[in-house]
Amino acid sequence: MPHIKAIKNKNLIYPLLLGIITFSAYSISINYQFLGCFDDNGYITQNMHLTFTFDNIKYWFTHACVGCYLPLTMLSYMFDYAIWGFNSFGYHLQNIFWHIVVVITVYKCFRLFDIKSWIAFFICLIFAVHPQRVESVVWISERKDVLCAAFYFLSIYFYIKKTMSCSSKKNTFPILSFIFFIFAIFSKPMAVSLPIILLIYEWNRLVASGEWRVRSKKQRAKNKEQRAVISEQWSVANKDNDQLTVNNKLFITQRDKSKGKREKTYNQSTINNEQLIESNQQINKSTNQQINTIRRLIPFFIVLAIFIPITLITQSNIGAIKSSNSILSINRIFSVIYNFFWYFSQTLFPLENTPIYYPHIISIYSVLEIIIFYLSIIILLIVLYIKNRKVFLSYVLPLISTYILTLLPIIGILRIGSTDHADRYSYIPSVFIWFSIGLFINKLIYSKNQTKILLTKKRKKELILILVFYLITVIILNFNYQKYWPNQYILFSYAASKPKPIPNILCILGDIAITKNDYSKVLFVAEKLEKETKNNSLSAFYRASVIYRFDRKKAINLLIQILYSLKLRSDNNLDRHLFYPRALRMLINSFSYTGNKQQTIKYIDKLLEYEKINTLDINLLRGTRAEYKNNYKKAISFYKQALKLAPDNIHIQNKIKTCLSLENKKNSIITNSE
């Protein structure tokens with residue numbers, strides 16, 4: 001009884017500790033702000049479909065958000081919005097909650113594979129506080145990572161539980177696992193790998209139990225020979241029986257002697273026959289087991305077949321997938337090779353944490369390190385295969401396959417979006433690395449039946465000290481990394497400081513710095529754009545933005561020089577930050593400031609040709625144009641239309657007053673002249 005209580009206490013205490021420590025580790029992020037200019041606006045702050053209504057629920061099951069089909073994730077945001085509105089506190093709280101669910105579920109999965117509770121606890125805690133988790137947990141827009149992973153591993157857990165408890169029954173369909181799989185795939189398309197992972201688990205289970213035997217050619221030939229011998233012995237026994245019957249009357253003595261021989265031969269044949277029948281029964285049992293496995297997994301693959309086209313169509317609609325991306329070029333092949341190495345190395349040695357986006361293949365590792373990594377893996381696999389083929393096929397191959405399969409959607413074979421690799425993409429794949437490590441440590445310490453400790457007490461203590469040291473290290477890295485996430489300005493400043501940041505990060509930082517009048521930061525962005533990305537036009541734009549604040553005459557020349565290249569970006573739909581219309585506005589204001597009405601009207605006409613300006617701006621621009629042409633009545637008409645759209649705009653009210661005054665003066669001059 002005390003032993004049973006101790007087991008129950010461990011089953012309760014370890015998950016509870018995991019939840020408490022995980023919450024404590026991420027509690028500092030609860031009061032962090034929304035990242036308004038990067039995805040958080042699309043998902044939440046500027047989302048018009050967050051109210052809990054039937055129409056909005058229907059909308060998210062028929063529409064994508066920020067290029068992804070994830071209705072369940074959007075329902076979770078709707079839940080937050082109903083309680084918290086636009087208070088980021090509740091959104092962060094739910095992100096942490098789902099991360100805790102993932103950690104505890106992964107711990108439960110580890111225990112299903114007989115990994116000791118203390119080992120599972122240490123490994124799951126490392127996974128929970130690993131700095132690669134920060135992006136998925138702290139960034140509200142990455143709710144889809146933690147939500148999908150929670151349902152993903154819940155599906156795995158209940159699938160294994162069902163197959164373990166109902167292995168001898170016919171009705172073994174894991175309904176809970178199937179439901180959680182649908183939830184996972186409705187949370188994020190990353191869950192598409194789950195049915196194949198379950199198939200690999202079934203392979204491992206059947207091979208390990210002997211129900212799906214892996215036989216060599218020699219073994220198959222030997223079995224065939226044994227069956228032939230049994231058949232021949234049966235035939236000989238029948239012949240002997242017939243011969244004894246014919247000679248029974250003539251040779252009574254011989255019959256008595258042969259009787260014993262016949263019975264012995266018959267008995268031996270009967271034993272061989274029973275062995276053959278038993279062998280056939282085992283084969284039939286194995287076949288039935290394989291059929292039941294296929295039946296269990298068919299619904300999972302049907303859902304997968306339906307969902308993959310939906311994901312591809314959704315991504316292609318926003319231009320995330322292009323036809324050229326389907327071609328595996330040399331650069332793409334190198335990208336795949338590098339990314340596999342990057343995800344693996346970053347899981348074990350998290351030295352390159354960069355938030356939001358990563359540049360295309362910017363390595364802190366040398367080519368020699370990558371070559372050594374792959375050579376070591378190949379040599380290790382060959383040695384394991386030669387040493388123990390069954391262990392290789394039963395354990396090593398399934399573990400490697402699960403990791404590779406979960407990486408396939410994001411490793412670069414088919415590029416989705418503009419990112420080669422990112423911390424958030426490793427959320428699900430990294431679990432299989434930590435599972436492999438936990439399994440290895442468990443087998444290193446304990447015997448097969450787990451009743452005997454293989455390592456000495458000293459070695460065991462050394463191993464525990466290594467785990468504790470590693471855990472403390474990742475906790476420190478986690479806390480240091482979270483410090484850069486309180487708001488978008490601190491976050492993008494940190495991201496921009498990394499080697500070769502992508503232009504989009506720098507441009508967002510530059511725009512925020514302009515609104516904060518932090519001109520030194522704007523000039524830093526301009527320098528980075530020119531040095532790291534070789535983008536001279538965007539660099540010049542941010543320099544001109546600073547000069548414009550202090551010397552508008554000097555800004556005019558620089559803006560005119562880059563206007564053509566900015567227009568090309570706009571024509572090619574590359575103008576995400578509206579550089580072209582912003583440059584035109586600065587030119588309009590600069591020429592207006594210098595009193596050059598002709599040039600002001602010229603650039604107003606160019607801006608009016610731009611398709612992406614709103615009605616309010618159109619009326620203001622037309623009003624200014626009419627005012628500079630001394631057509632004050634027309635200008636007043638446009639300004640009044642603009643005032644209807646922005647009734648409290650003092651600038652527009654002053655414009656109307658000025659035009660009325662000028663119109664009265666104009667009429668007065670005309671009257672006096674007459």
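This dialogue explains how several features of a predicted model may be read.

Visitor: What kind of model is this, and how are its residues numbered?

Guide: The model is predicted, so local features need pLDDT of at least 70 and side-chain atom pairs count only at pLDDT 80 or more, while totals for chains, interfaces and linings use all residues. Residues are numbered from 1 along each chain as its sequence is written, and side-chain values use heavy atoms, with hydrogens and water left out.

Visitor: How many aromatic pairs does the structure hold?

Guide: A pair of aromatic rings is described by the distance of the centres and the angle of the planes. Rings of Phe, Tyr and Trp (its six-membered ring) pair if their centres lie within 6.5 Å; planes under 30 degrees apart are stacked, over 60 edge-to-face, and the rest tilted. The structure holds 52 such pairs. In one of them, the ring centres of Tyr 69 and Phe 186 are 6.1 Å apart and the planes stand at 90°, so the pair is edge-to-face.

Visitor: Which parts does the pair of Tyr 69 and Phe 186 tie together?

Guide: Helices are DSSP runs (H or I, at least four residues), numbered from the N terminus. Tyr 69 lies in the loop between helix H3 (54–60) and H4, and Phe 186 in helix H9 (residues 175–187), so the pair ties together parts that are 117 residues apart in sequence.

Visitor: Is Tyr 69 buried or exposed?

Guide: Buried means under 20% relative accessible area, exposed over 50%, and partly exposed in between (1.4 Å probe, protein chains only). Tyr 69 counts as buried because its relative accessibility is 11%, whereas Phe 186, at 23%, counts as partly exposed.

A further edge-to-face pair joins Phe 151 and Phe 183, with 5.3 Å centre to centre and 65° between the planes. Phe 151 belongs to helix H8 (residues 143–165) and Phe 183 to helix H9, so this pair ties together parts 32 residues apart in sequence. Phe 151 is buried at 8% relative accessibility, and Phe 183 is partly exposed at 32%. Ring pairs also link a cluster whose members include Phe 110, Tyr 159 and Phe 435.

Visitor: Which charged residue lies over the face of Tyr 427?

Guide: A charge sits over a ring if NZ of Lys or CZ of Arg is within 6 Å of the ring centre and within 35 degrees of the ring normal. Arg 133 lies over the face of Tyr 427, at 5.5 Å from the ring centre. Likewise, the charged end of Lys 521 sits over the ring of Phe 524, 5.7 Å from its centre.

Visitor: With which side chain does Ser 141 make a polar contact?

Guide: A polar contact is a pair of N or O atoms within 3.5 Å; within protein, one must be able to donate a hydrogen and the other to accept it, and residues adjacent in sequence count only if both atoms are side-chain atoms. The side chain of Ser 141 contacts that of Asp 40 at 2.3 Å. Ser 141 lies in the loop between helix H7 (134–138) and H8 and, at 1% relative accessibility, is buried.

Visitor: Where is Asn 573 placed?

Guide: Asn 573 is in the loop between helix H22 (552–571) and helix H23 (579–594). Although Asn 573 is not a glycine, its phi is positive, about 60°. Asn 573 is exposed, with a relative accessible area of 61%.

Note on methods: Helix = DSSP H or I, 4+ residues; strand = E, 2+ residues; numbered from the N terminus.
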